[in-house]
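Hi everyone, thanks for coming.

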Amino acid sequence: MATVSVTDISKTYPNGAQAVRPASFDIADGELIVLVGPSGCGKSTLLRMVAGLEDITTGDLRIGERVVNDLDPAERDIAMVFQNYALYPHMTVAKNMAYGLKNRGASKDAIATKVAEAAEMLSLTPLLDRRPSQLSGGQRQRVAMGRAIVRDPALFLFDEPLSNLDAKLRHQMRVEIRNLQRRLNVTAMYVTHDQVEAMTMADRIFVLNAGGIEQIGTPSEIYRTPASTFVASFMGAPPMNLLNGNADGGKVRVGESAVQMPCADGSVLLGIRPEEVAVSPMGTIPFKLTLIEELGASRLLHGTVAGQDFVVNAPNDDIALAEELMLEFPTNALHLFDAETGKRL
Amino acid sequence: MKRAAFSQPLMPVALLMPQLIIIAVFFYWPAWEAIYSSFFLQDPFGFGSNYVGADNYTRLAKSSEYAKVAGFTLFFTVVVTFLSLGIALLLAVKADKVIRGAKTYRTLLMWVYAVAPPVAGFLGSLLFDQNIGPITDLFAFFGYNLQIGLNYNDTAFAMIVVSVWKQIPVNFIFLLSGLQSIPVAVREAALIDNKSGTRRFWDITFPLLAPTAFFLLIINITYALFDTFGVIDIMVKGNPASNPITLVYKVYTDGFRGNDLGGSSAQSVVLMVLVLLLTVMQFRMLERRIHYT
């Protein structure tokens, strides 16, 4: 259990490519941080730098009180769960879990107790004598978790641990990992490209883009006040609608329609989440419907507003659907972004 | 597996024929000939042969010379296998860590693979030549008179050096590709679990390399037993009497220089049984033990 403190950490490869731009942040004791972003955004590199699998080009990394920049991965008091589980194929489940402890000079009895405890916690007890090749994907994932737990680390690192599992198992493991992390009260960093995982598991989310941290915030902050159009369109499924508009005297005009929104004059992007748009005959914004996706509980209406793509997540009740619908944008659900920089206004 | 059905019953036979003929002509026929003639004593001038039962075998069993050659073959095989595998493993592990110029470096290490065994033997004999050999010179510098082809131990030493040198690249290629097929994440997991590089190697890397290493072990034993013929032939300079030779070379000298075809056949049958045992062992081990997935 420990805090993590990162100061101006960055990574530049020998060929000059900058994988991680200087970033600073702190992680509180027992907090679960999710690093999320598209492929190549540097999230895995950042995690691997914390693990010690990649060198840190500049900056300081502290785990607890220690600066660990130059320590071997084995000395950093961390445990990591890999995407492909990375179990030792020639060792049984019990030995896989015990290996790290053995190397730290724990006594045989202590190792046996810890392994038994972890196995109990993860319902792996009947599988302790099996080899990884005899386990299913979900079971292997559990063993990988067990291997991390028995070490009693200061910091848990997860590198896309669920992306090899099927959707149902992924959901189950998500809950399991979250529960386990809470119960053990271990600080954790979790990398994923899946925004649902990020939203559901995180205490705080770090959204990364092109090697830099775009926004840090709790899931609801990220969802309600995205700092940029990147965050707005990355987090949330379907993504936030962004309409090109013109701010003019306290109003933002999109095509023929306008919404009340005080801001400086100029081009802006008007953002609204599909689920916050209301379809109503009283609405003021015309919407051309082209496609309906049934989701069961609700349905997605694809179409255009003033010639720009637009999606509405409408409740599955009996609203009369026609090719031309009127939409209402609640004022408190609107977001404004600078058209040039994409930053929130 | 998909079952193919042939409408004409002769078709599959015809398709198998080329392979079967090759095996029959180049393996079963000579093998049968060897077994057959091992029960006869041939006239040295080729005028006839007498059935002698198992005499050729009992003669082998009692021959102290055969025992001596067998002893040397065992020693030679163990040393060559151990050294060529060990050195290749060391090189592969080191080459695996090279990042800059890795391709050039690896190619240089595989270079020797392209040298044919007799040429390797010839190169070796030049290196150890009495007059111009640099290795002989090196030994002379330290005050030792290396005499290849005359001194039993010196010849054995040179044979081992050249045979090992010749075999290292093959082992290197296999071991390096074996090392590189170990998943990166597994190595990284080990990096987090264990601080000591040496311990990581023996606990994780080596066991994962074991399927490759075991395959190479069999290949190397076979190499040392049979494929070193060219090297030995050059080294002993047609003068096997006072020099160390292996069982395969003895088959050749007894059969073709001593004209004792029956005895030579019996020896090759013994070797055949040896290879059979090795093969059985390889299949059993590979199937049962060493594969993890």
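Helices (H or I, at least four residues) and strands (E, at least two) are DSSP runs, numbered from the N terminus. What you see is a predicted model, where local features need pLDDT of at least 70, side-chain atom pairs count only at pLDDT 80 or more, and totals for chains, interfaces and linings use all residues. Residues are numbered from 1 along each chain as its sequence is written, with chains lettered from A and ligands numbered from 1 in the order in which they are written.

So, which residue is the bridge partner of Ile63(A) in β5(A)? That's Arg66(A). Strand β4 of chain A, residues 58–63, is joined to β5(A) by 2 bridges, and the two run antiparallel.

Zoom out, and 4 strands of chain A make an open, antiparallel sheet, ordered β2-β1-β4-β5. At its edges sit β2 (18–27) and β5 (66–67) of chain A, each pairing on one side only.

Now the neighbours. Val34(A) touches Tyr190(A), Thr192(A) and Ala198(A), among others, leaving aside residues up to four places away in sequence. Contact here means C-beta atoms, placed from the backbone, within 7 Å.

Finally, the two chains meet: the contact takes 20 residues from chain A and 16 residues from chain B. On chain A's side, β6 (78–81) and α2 (93–103) each supply at least two residues.

Key. Pairing = 2+ DSSP bridges.
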